[in-house]
Amino acid sequence: MNSSDLPRLAAELEEYLGDPHDPASRMPYERILDHDEREEYPYAFVNLLQRWGVHEYNIPEAQGGLAGNVETGFNLLRLIARRDPTTATALIITSLAFLPAWIAGTDEQKQYLSDAMKRGSRYAWGLSERSHGSDVLSNELAAEKVPGGYLLTGEKWLIGNARVADGLAVFARTRASGGPAGYSIFLLEKRRTPAGAVEELPNERLHGLRALDMSGIRLDGVFVPDSARLGAEGAGLEIALQTSQVARTLIGSIALSAVDTALRITLDFTERRVIFGRAVSDIPYSRRQLAECFADLMIADAVSLGAVRSLQLVPEQASVWSSVVKYFVPTLLETTMSRLNVVLGARFYLRAEPHYGIHQKMLRDMLVANFADGNTVVNLKNLALQLDGLLAAATGPAGEARAAAEQRVATLYGLDRDLPLYRPWDQELFSRGRDDALLAAPAALRALGEHAAAAKGDDREWLTRAADVAAELLGSAAALRDRSAALRAELGREYGQSAELFDLAKQYCLLHAVAACLHTYLRAAAATPADPLPSAALLLLQLERLRKQLHPHEAVTDSRAVDEVMAVLRRLHQENRLFSHWQFRLAERGDLSLAEI
């Protein structure tokens, strides 16, 4: 799919689903909240999305599907998740269960699963176990080799879709001693096993995503044929980690969508609610809160945009980009959501309120993006293991790697640029010190200075200030490198497990986010501009919001810039566009005068 096709496709899905505030639409908040209250799996919503064909965008073109770009599936999921993160998660799980076959399966296995998905079959990704959590190398479910196949024995727990799925991709121990080469992945078709062979564990009640099936399976010598093994025996860990890289990148769509909906709901209230003689949106403190929440969302959008596109353009760097986005986006947006709670006031606490009740569901549902498919600690540890090489490359002299990165960021962050065909098997587990976002950041900083010099009026001032803030933040990479070296010398063998190293990894994520904001602004400015983005004031506020993470008690930007950012936010809201650099047109909305304020 070409980049120009995505807005059209997004518009078609939005039109199909309709205004979520309209009870007569296909996927209204009223029914979504009812499913959530009754904790009832959203079969109807999954089925109607399959009728539209959303699952086709997760099936490779070679197997008759439409999945050429990860970005397409990611954005379609965002549009679904802005209505119901539960339904979006249910769809994501089937896609992830297919990935081991896409990465390492034979053509016959890929075609078999593709055909099954086209028929509406649901799958689950059987990775985690009750006693081991993120420590997958301690997993105990065993696959014993027997003539013609394997016998699977053990338990998988906290598995999404486990009871409603037709089959599972199961991560199993194939070597008694375990170890990195001691695991393999198998396709277990529940409907092809003897009755009762697959024991389905009870559904677990959840804080958020209440309507999702989250359960598990227990197996006792269940036979699967040799043809059910996905990839080589012993290759399971690498395949599982490659699958997790995609999961960590996609799951951010839940957090982005939840905050998009919450911000949209909050604006519905603040634009019409009058208190102390003025609309809440026009009260200076509330206006600043709204503008800063919008800036935070657009930071997360920029980080996600590059990470999603990196899976196709620089799959050898997937270990870095996926961990940055998985740590940074949910962590940032949980704070953003908390601030929106304050602005919306008591209405965010009302579960059954007709217009605003969806806010509390989004507040609960978005938390899954923090811990699913690798929690904060797992992702920071992955970055910590690579930190020395990443910082050395980012602060080193110019060379071929930096020049190549400067060329690639035009596509990594260019929404007008087409991507190469997705090849998930090219994803690597270590980036060898490469992170194109930071490698190309010095060139982006120079380009921003040139934009500032050519700009006029307020834009000139805002871009000049933005360049100063970015230079300060990016300049801290050298100090970060030096602190890492000093810490290694001080702690010796304890360095790799130290809490201080994890803090350095957090700061690295911040630098990556700064670079992402620069690249996204510059690429949008280089392409045909579409009002109200790109915005110089928004870029400044994004960078100052990032700086505030290091200097929490210093003031953020002045009221003129805030007013301009608020004007951008209002325009996107009034024109009913997604709060994103993509700015997709959303389904037409009904009469807001019917909503209680």
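In helix α6, six residues are buried: Gln109, Lys110, Leu113, Ser114, Ala116 and Met117. They sit on the same side of α6, because the arc they cover around the axis is only 160°. Keep in mind that this is a predicted model.

- Helix α6 covers residues 107-118, and its 12 residues should span 16 Å at 1.5 Å a residue, which agrees with the 16 Å between its end C-alpha atoms.
- Turn to the other side of α6 and you find Asp107 and Glu108, which are exposed.
- What do the buried residues of α6 pack against? Their partners are α5 (85-104), β1 (123-126) and β5 (183-189).
- Just after α6 comes Gly120, with a positive phi of about 95°.
- Gly120 turns up again as a contact of Gln50, which also touches His55 and Arg122 once neighbours within four places in sequence are left aside.
- Gln50 itself belongs to helix α3 (residues 43-52).
- Is Gln50 buried or exposed? Gln50 has a relative accessible area of 16%, and because the cut-off for buried is under 20%, Gln50 counts as buried.

**Helix α1**

- Helix α1 runs over residues 5-17, so to speak 13 residues, and reaches 19 Å from its first C-alpha to its last, close to the 18 Å expected at 1.5 Å a residue.
- Its buried residues are Leu6, Leu9, Ala10, Leu13, Glu14, Tyr16 and Leu17.
- Looking down the axis of α1, these buried residues fall within an arc of 160°, so they line one face of the helix.
- The buried residues of α1 pack against α3 and α4 (70-81).

**Helix pair α10 and α11**

- How do α10 (residues 318-344) and α11 (residues 358-365) cross? Their axes come within 11 Å, at an angle of roughly 160°.
- Angles over 145 degrees count as roughly antiparallel, and α10 and α11 are therefore roughly antiparallel to each other.
- The crossing of these two helices, α10 and α11, is left-handed.
- On the α10 side, Met337, Leu340, Asn341 and Leu344 meet His359, Met362 and Leu363 of α11.
- Gly357 is in the loop between α10 and α11.
- Gly357 is buried, with a relative accessible area of 0%.
- Not counting residues up to four places away in sequence, Gly357 touches Leu33, Leu350 and Arg351.

**Helix pair α16 and α18**

- The axes of α16 (residues 441-454) and α18 come within 10 Å and cross at roughly 50°.
- With that angle, α16 and α18 are oblique to each other.
- α16 passes α18 in a left-handed crossing.
- From α16, the contact is made by Ala441, Ala444, Leu445, Ala447, Leu448 and His451, and from α18 by Ala515, Leu518, His519, Tyr521, Leu522 and Ala525.

**Backbone spots in loops**

- Which peptide bond is cis? The bond from Leu533 to Pro534 is, with omega near 0°.
- Pro534 is placed in the loop between α18 (499-526) and α19 (536-550).
- From Pro534 back to Gly357 is 177 residues in sequence and 32 Å in space, C-alpha to C-alpha.
- Asn161 is not a glycine, yet its phi is positive, at about 75°.
- You'll find Asn161 in the loop between β3 (149-160) and β4 (167-173), and Asn161 is buried, with a relative accessible area of 0%.
- Phe276 also has a positive phi, near 55°, in a residue other than glycine.
- The loop that holds Phe276 lies between β8 (274-275) and β9 (278-279).
- Phe276 counts as exposed, at 79% relative accessibility.

Methods:
Residues numbered from 1 in each chain as written. Predicted model: local features only at pLDDT ≥ 70, side-chain atom pairs only at ≥ 80, totals over all residues. Heavy atoms only, no water. Helix = DSSP H or I, 4+ residues; strand = E, 2+ residues; numbered from the N terminus. Expected span 1.5 Å × (residues − 1). Buried < 20%, exposed > 50% of the residue type's maximum accessible area, 1.4 Å probe, protein only. Arc of directions from axis to C-beta. Contact = heavy atoms within 4.5 Å. Axes fitted to C-alpha atoms, helices over the stretch in contact; angles between N-to-C directions. Parallel < 35°, antiparallel > 145°, perpendicular 65-115°, else oblique. Left-handed = near helix turned anticlockwise from the far one by under 90°.
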